[in-house]
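Please load the model in your viewer, show it as a cartoon, and keep the selection tool at hand.

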Amino acid sequence: MLNALSVDVEDWFQVGAFEKVIARDSWDRLPARVERNADSVLALFAKADVKATFFTLGWVADRYPALIRRIVQAGHEIASHGWDHRRVFSMDPAAFRADLQRAHKAIEDACGEAPAGYRAPSFSIDARTPWAHGVLADLGYRYSSSVAPVRHDHYGWREASRFAFRPLPGSDLIELPVTTVEVAGRRLAAGGGGFFRMLPYRFSSWAIHRVNRIDRRPAVFYFHPWEIDPGQPRVRQAPLKSRLRHYSRLSAMEGKLLRLLTDHRWGRTDDVVAAEQARMQ
(Lines give C-alpha, C1' and ligand atoms only; values in the text may rest on other atoms or scores of the structure.)
Protein backbone atom coordinates (compact mmCIF):
# COMPACT_ATOMS: atom_id res chain seq x y z
CA MET A 1 0.00 0.00 0.00
CA LEU A 2 1.25 3.47 -0.88
CA ASN A 3 1.85 5.59 2.23
CA ALA A 4 2.17 9.39 2.34
CA LEU A 5 5.67 10.69 3.03
CA SER A 6 5.95 14.36 3.97
CA VAL A 7 8.40 16.99 5.18
CA ASP A 8 7.39 20.13 7.08
CA VAL A 9 9.91 22.66 5.76
CA GLU A 10 10.83 25.07 8.52
CA ASP A 11 14.07 26.09 10.21
CA TRP A 12 15.22 25.17 13.71
CA PHE A 13 14.16 28.55 15.15
CA GLN A 14 10.62 28.42 13.72
CA VAL A 15 9.26 25.45 15.65
CA GLY A 16 6.29 25.76 17.97
CA ALA A 17 8.36 24.65 20.96
CA PHE A 18 10.46 27.83 20.75
CA GLU A 19 7.77 30.34 19.76
CA LYS A 20 7.72 31.93 23.21
CA VAL A 21 11.50 32.39 23.45
CA ILE A 22 12.47 33.30 19.87
CA ALA A 23 10.70 36.34 18.43
CA ARG A 24 9.68 36.25 14.76
CA ASP A 25 11.34 39.60 14.13
CA SER A 26 14.69 38.02 15.06
CA TRP A 27 14.51 35.17 12.52
CA ASP A 28 16.47 36.92 9.78
CA ARG A 29 19.37 37.50 12.19
CA LEU A 30 19.71 33.84 13.19
CA PRO A 31 21.93 31.30 11.41
CA ALA A 32 19.77 29.68 8.75
CA ARG A 33 20.13 25.94 8.17
CA VAL A 34 16.89 25.07 6.38
CA GLU A 35 18.33 25.07 2.86
CA ARG A 36 21.27 22.78 3.60
CA ASN A 37 19.07 20.48 5.68
CA ALA A 38 16.35 20.30 3.01
CA ASP A 39 19.02 19.49 0.42
CA SER A 40 20.17 16.64 2.69
CA VAL A 41 16.57 15.38 2.78
CA LEU A 42 16.44 15.52 -1.03
CA ALA A 43 19.63 13.47 -1.18
CA LEU A 44 18.20 10.94 1.28
CA PHE A 45 15.04 10.56 -0.80
CA ALA A 46 17.09 10.15 -3.98
CA LYS A 47 19.14 7.42 -2.29
CA ALA A 48 15.96 5.59 -1.26
CA ASP A 49 14.28 6.33 -4.63
CA VAL A 50 11.12 7.78 -3.09
CA LYS A 51 8.96 10.82 -3.75
CA ALA A 52 7.36 12.95 -1.04
CA THR A 53 5.43 16.12 -0.28
CA PHE A 54 7.24 19.17 1.10
CA PHE A 55 4.83 21.31 3.17
CA THR A 56 6.75 24.56 3.02
CA LEU A 57 6.47 27.81 4.94
CA GLY A 58 5.91 30.81 2.68
CA TRP A 59 8.61 32.58 4.71
CA VAL A 60 11.09 29.91 3.57
CA ALA A 61 9.90 29.94 -0.07
CA ASP A 62 10.27 33.72 -0.17
CA ARG A 63 13.90 33.57 0.96
CA TYR A 64 15.03 30.35 -0.74
CA PRO A 65 13.20 30.14 -4.09
CA ALA A 66 15.98 28.05 -5.64
CA LEU A 67 15.38 25.39 -2.97
CA ILE A 68 11.68 25.26 -3.85
CA ARG A 69 12.57 24.83 -7.51
CA ARG A 70 14.97 21.97 -6.68
CA ILE A 71 12.22 20.20 -4.74
CA VAL A 72 9.82 20.42 -7.69
CA GLN A 73 12.48 19.51 -10.26
CA ALA A 74 13.23 16.34 -8.29
CA GLY A 75 9.61 15.21 -8.78
CA HIS A 76 8.30 15.96 -5.30
CA GLU A 77 5.05 17.73 -4.48
CA ILE A 78 5.24 21.26 -3.09
CA ALA A 79 2.48 22.21 -0.65
CA SER A 80 1.77 24.96 1.88
CA HIS A 81 2.62 25.07 5.58
CA GLY A 82 1.30 28.62 5.97
CA TRP A 83 3.37 31.79 6.04
CA ASP A 84 5.32 31.87 9.32
CA HIS A 85 4.18 28.93 11.46
CA ARG A 86 1.31 30.62 13.27
CA ARG A 87 -1.08 28.04 14.64
CA VAL A 88 -4.50 28.14 13.06
CA PHE A 89 -6.32 28.33 16.40
CA SER A 90 -4.38 31.54 17.16
CA MET A 91 -5.96 33.29 14.15
CA ASP A 92 -9.47 34.30 13.14
CA PRO A 93 -10.85 33.34 9.69
CA ALA A 94 -9.72 36.58 8.04
CA ALA A 95 -6.18 36.28 9.38
CA PHE A 96 -6.04 32.63 8.35
CA ARG A 97 -7.12 33.52 4.81
CA ALA A 98 -4.45 36.22 4.59
CA ASP A 99 -1.80 33.82 5.92
CA LEU A 100 -2.74 31.20 3.29
CA GLN A 101 -2.77 33.70 0.45
CA ARG A 102 0.61 35.14 1.37
CA ALA A 103 2.21 31.68 1.58
CA HIS A 104 0.50 30.55 -1.62
CA LYS A 105 1.92 33.49 -3.57
CA ALA A 106 5.46 32.98 -2.25
CA ILE A 107 5.44 29.28 -3.15
CA GLU A 108 3.95 29.80 -6.61
CA ASP A 109 6.33 32.69 -7.33
CA ALA A 110 9.28 30.50 -6.35
CA CYS A 111 8.53 27.47 -8.51
CA GLY A 112 5.63 28.25 -10.83
CA GLU A 113 3.37 25.65 -9.21
CA ALA A 114 0.36 26.49 -7.06
CA PRO A 115 0.10 24.32 -3.94
CA ALA A 116 -2.99 22.10 -3.79
CA GLY A 117 -2.30 20.79 -0.28
CA TYR A 118 -1.95 22.40 3.14
CA ARG A 119 -0.68 21.34 6.54
CA ALA A 120 -1.40 23.52 9.54
CA PRO A 121 1.59 24.32 11.75
CA SER A 122 1.59 21.97 14.75
CA PHE A 123 -1.52 20.20 13.38
CA SER A 124 -3.54 23.15 14.66
CA ILE A 125 -6.84 22.53 12.91
CA ASP A 126 -9.04 21.13 15.65
CA ALA A 127 -12.40 21.57 17.38
CA ARG A 128 -11.58 25.24 18.02
CA THR A 129 -11.39 26.02 14.28
CA PRO A 130 -14.65 24.80 12.68
CA TRP A 131 -14.23 27.47 9.97
CA ALA A 132 -10.73 26.45 8.81
CA HIS A 133 -11.66 23.81 6.24
CA GLY A 134 -14.19 26.21 4.72
CA VAL A 135 -11.48 28.81 4.15
CA LEU A 136 -9.23 26.18 2.55
CA ALA A 137 -12.01 25.01 0.24
CA ASP A 138 -12.88 28.59 -0.70
CA LEU A 139 -9.26 29.21 -1.73
CA GLY A 140 -9.22 26.12 -3.93
CA TYR A 141 -7.18 23.71 -1.85
CA ARG A 142 -7.71 20.07 -2.76
CA TYR A 143 -6.69 18.59 0.55
CA SER A 144 -5.46 19.30 4.07
CA SER A 145 -3.28 17.11 6.28
CA SER A 146 -3.69 19.21 9.41
CA VAL A 147 -5.43 17.03 11.98
CA ALA A 148 -3.80 14.90 14.68
CA PRO A 149 -6.57 12.70 16.12
CA VAL A 150 -4.89 12.32 19.53
CA ARG A 151 -4.63 14.13 22.85
CA HIS A 152 -1.39 16.09 23.20
CA ASP A 153 -0.34 19.07 25.29
CA HIS A 154 0.39 21.16 22.15
CA TYR A 155 -2.25 19.95 19.71
CA GLY A 156 -4.80 17.26 18.95
CA TRP A 157 -8.41 16.58 18.01
CA ARG A 158 -9.14 13.24 19.63
CA GLU A 159 -12.70 13.08 18.31
CA ALA A 160 -11.65 13.39 14.65
CA SER A 161 -11.53 10.43 12.31
CA ARG A 162 -8.24 8.55 12.19
CA PHE A 163 -8.41 8.30 8.42
CA ALA A 164 -9.28 10.44 5.40
CA PHE A 165 -12.61 12.22 5.59
CA ARG A 166 -14.56 15.00 3.94
CA PRO A 167 -14.95 17.78 6.52
CA LEU A 168 -17.43 19.85 4.50
CA PRO A 169 -20.79 18.74 3.09
CA GLY A 170 -20.91 19.21 -0.66
CA SER A 171 -17.16 19.80 -0.99
CA ASP A 172 -14.46 17.57 -2.49
CA LEU A 173 -11.90 18.81 0.08
CA ILE A 174 -10.20 15.87 1.83
CA GLU A 175 -8.69 15.94 5.31
CA LEU A 176 -5.91 13.35 5.68
CA PRO A 177 -4.99 13.05 9.37
CA VAL A 178 -1.51 12.09 10.53
CA THR A 179 -1.24 8.42 11.48
CA THR A 180 -2.28 7.00 14.81
CA VAL A 181 -2.58 3.41 16.00
CA GLU A 182 -5.01 1.93 18.52
CA VAL A 183 -3.63 -0.51 21.08
CA ALA A 184 -5.63 -1.98 23.97
CA GLY A 185 -8.19 0.81 23.74
CA ARG A 186 -5.57 3.58 23.61
CA ARG A 187 -4.85 5.76 20.60
CA LEU A 188 -1.15 6.46 20.10
CA ALA A 189 0.63 8.88 17.76
CA ALA A 190 2.57 6.95 15.12
CA GLY A 191 3.02 9.42 12.27
CA GLY A 192 6.60 10.59 12.70
CA GLY A 193 8.25 13.69 14.15
CA GLY A 194 9.51 13.48 17.70
CA PHE A 195 7.61 10.27 18.37
CA PHE A 196 9.53 8.50 15.60
CA ARG A 197 12.82 10.01 16.72
CA MET A 198 12.53 9.02 20.37
CA LEU A 199 10.65 5.72 20.30
CA PRO A 200 12.22 2.44 19.15
CA TYR A 201 12.15 1.93 15.41
CA ARG A 202 10.24 -1.32 15.82
CA PHE A 203 7.20 0.53 17.19
CA SER A 204 6.87 2.87 14.21
CA SER A 205 7.41 0.14 11.66
CA TRP A 206 4.92 -2.13 13.43
CA ALA A 207 2.35 0.67 13.59
CA ILE A 208 2.61 1.35 9.85
CA HIS A 209 2.29 -2.36 9.07
CA ARG A 210 -0.75 -2.53 11.35
CA VAL A 211 -2.47 0.44 9.71
CA ASN A 212 -1.79 -1.04 6.26
CA ARG A 213 -2.73 -4.64 7.02
CA ILE A 214 -5.39 -4.45 9.74
CA ASP A 215 -7.04 -1.08 9.03
CA ARG A 216 -6.21 -1.43 5.31
CA ARG A 217 -5.47 2.27 5.03
CA PRO A 218 -2.38 4.29 4.13
CA ALA A 219 -0.09 5.73 6.78
CA VAL A 220 0.71 9.46 6.84
CA PHE A 221 4.25 10.19 8.04
CA TYR A 222 6.08 13.48 8.54
CA PHE A 223 9.35 14.92 9.81
CA HIS A 224 11.30 18.19 9.64
CA PRO A 225 14.65 18.98 7.96
CA TRP A 226 16.11 20.15 11.30
CA GLU A 227 15.54 16.66 12.72
CA ILE A 228 18.51 15.32 10.75
CA ASP A 229 20.80 18.16 11.90
CA PRO A 230 22.49 17.34 15.22
CA GLY A 231 24.81 20.34 14.80
CA GLN A 232 22.06 22.97 14.97
CA PRO A 233 22.29 25.77 17.57
CA ARG A 234 20.95 25.09 21.08
CA VAL A 235 18.25 27.33 22.53
CA ARG A 236 19.36 27.37 26.15
CA GLN A 237 16.54 29.63 27.34
CA ALA A 238 13.79 27.25 26.18
CA PRO A 239 11.97 25.15 28.81
CA LEU A 240 13.62 21.82 29.62
CA LYS A 241 10.68 19.84 28.23
CA SER A 242 10.89 21.68 24.92
CA ARG A 243 14.65 21.13 24.71
CA LEU A 244 14.31 17.42 25.41
CA ARG A 245 11.67 17.04 22.73
CA HIS A 246 13.59 19.04 20.16
CA TYR A 247 17.16 17.77 20.59
CA SER A 248 16.75 14.13 21.63
CA ARG A 249 18.23 11.54 19.24
CA LEU A 250 18.88 13.92 16.35
CA SER A 251 22.01 11.98 15.40
CA ALA A 252 20.02 8.75 15.01
CA MET A 253 17.26 10.21 12.85
CA GLU A 254 18.79 9.93 9.38
CA GLY A 255 19.62 6.25 9.76
CA LYS A 256 16.16 5.46 11.10
CA LEU A 257 14.56 7.34 8.22
CA LEU A 258 16.54 5.44 5.61
CA ARG A 259 15.48 2.16 7.16
CA LEU A 260 11.83 3.27 7.19
CA LEU A 261 11.98 4.36 3.57
CA THR A 262 13.23 0.94 2.49
CA ASP A 263 10.92 -1.12 4.75
CA HIS A 264 7.66 0.45 3.52
CA ARG A 265 6.22 1.88 0.30
CA TRP A 266 6.11 5.69 0.14
CA GLY A 267 4.88 8.40 -2.19
CA ARG A 268 3.55 11.92 -2.48
CA THR A 269 0.60 13.01 -0.38
CA ASP A 270 -1.42 14.10 -3.40
CA ASP A 271 -1.19 10.56 -4.82
CA VAL A 272 -2.44 9.09 -1.55
CA VAL A 273 -5.26 11.66 -1.45
CA ALA A 274 -6.29 10.67 -4.99
CA ALA A 275 -6.47 7.01 -3.94
CA GLU A 276 -8.51 7.88 -0.82
CA GLN A 277 -10.83 10.09 -2.87
CA ALA A 278 -11.48 7.20 -5.27
CA ARG A 279 -12.16 4.89 -2.33
CA MET A 280 -14.79 7.29 -0.96
CA GLN A 281 -16.76 7.39 -4.21
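A nonpolar core is here a set of buried Ala, Val, Leu, Ile, Met, Phe, Trp, Tyr and Cys residues joined through side-chain atoms within 4.5 Å, where buried means under 20% relative accessible area, exposed over 50%, and partly exposed in between, for a 1.4 Å probe and protein chains only. The model is predicted, so local features need pLDDT of at least 70 and side-chain atom pairs count only at pLDDT 80 or more, whereas totals for chains, interfaces and linings use all residues. Residues are numbered from 1 along each chain as its sequence is written, and side-chain values use heavy atoms, with hydrogens and water left out.

**The cores**

Begin by selecting Leu5, Phe45, Phe54 and Phe223, the residues with the most contacts inside the largest nonpolar core, which has 52 residues. Among the elements that give two or more residues to this core are strand 1 (3-9), helix 1 (34-48), helix 4 (93-111) and helix 9 (250-263); helices (H or I, at least four residues) and strands (E, at least two) are DSSP runs, numbered from the N terminus. Helix 1 provides the largest share of this core, seven residues.

Next, centre the view on Leu5 and show its contacts, meaning heavy atoms within 4.5 Å. Leaving aside neighbours within four places in sequence, the residues in contact with Leu5 include Phe45, Val50, Phe221, Phe223, Leu261 and Trp266. A second, separate core has 14 residues, among them Ala120, Ile125, Leu136 and Tyr141. In soluble globular proteins, nonpolar side chains tend to be buried together.

**A pair of strands**

Now select strand 2 (residues 53-56) and strand 3, which run parallel and are joined by four bridges; two strands count as paired if DSSP finds at least two bridges between them. Phe54 has Ile78 as its bridge partner in strand 3. Along strand 3 (residues 77-80), Glu77 and Ala79 point one way while Ile78 and Ser80 point the other way, and all are buried.

**The largest pocket**

Select Tyr155, Gly194, Tyr222, His224 and Arg245, which lie nearest the centre of the largest pocket among its 26 lining residues. On a 1 Å grid over the protein atoms alone, a pocket is an open set of points with protein on both sides within 12 Å along at least five of seven lines, and lining residues have an atom within 4 Å of a point. This pocket holds about 510 Å³ of space, a volume being the space filled by probe spheres set on the points. Helix 6 (193-198) and helix 8 (240-247) each supply at least two lining residues, and helix 6 gives the most, with five.

**Single residues**

Not counting residues up to four places away in sequence, Val147 touches Phe123, Ile125, Trp157, Ala160, Glu175, Pro177 and Val178, and its C-alpha atom is separated by 6.5 Å from that of Val178, 31 residues apart along the chain.

Finish with two backbone details. Most residues other than glycine have a negative phi. Ser122, in the loop between strand 4 (117-118) and helix 5 (132-138), has a positive phi of about 55 degrees although it is not a glycine, and Ser122 counts as buried at 17% relative accessibility. Ala184, in the loop between strand 7 (180-183) and strand 8 (186-189), has a positive phi near 50 degrees, but Ala184 is exposed, with a relative accessible area of 81%.

Methods. On a 1 Å grid over the protein atoms alone, a cavity is a set of points where a 1.4 Å probe fits but cannot get out, and a pocket is an open set with protein on both sides within 12 Å along at least five of seven lines; lining residues have an atom within 4 Å of a point.
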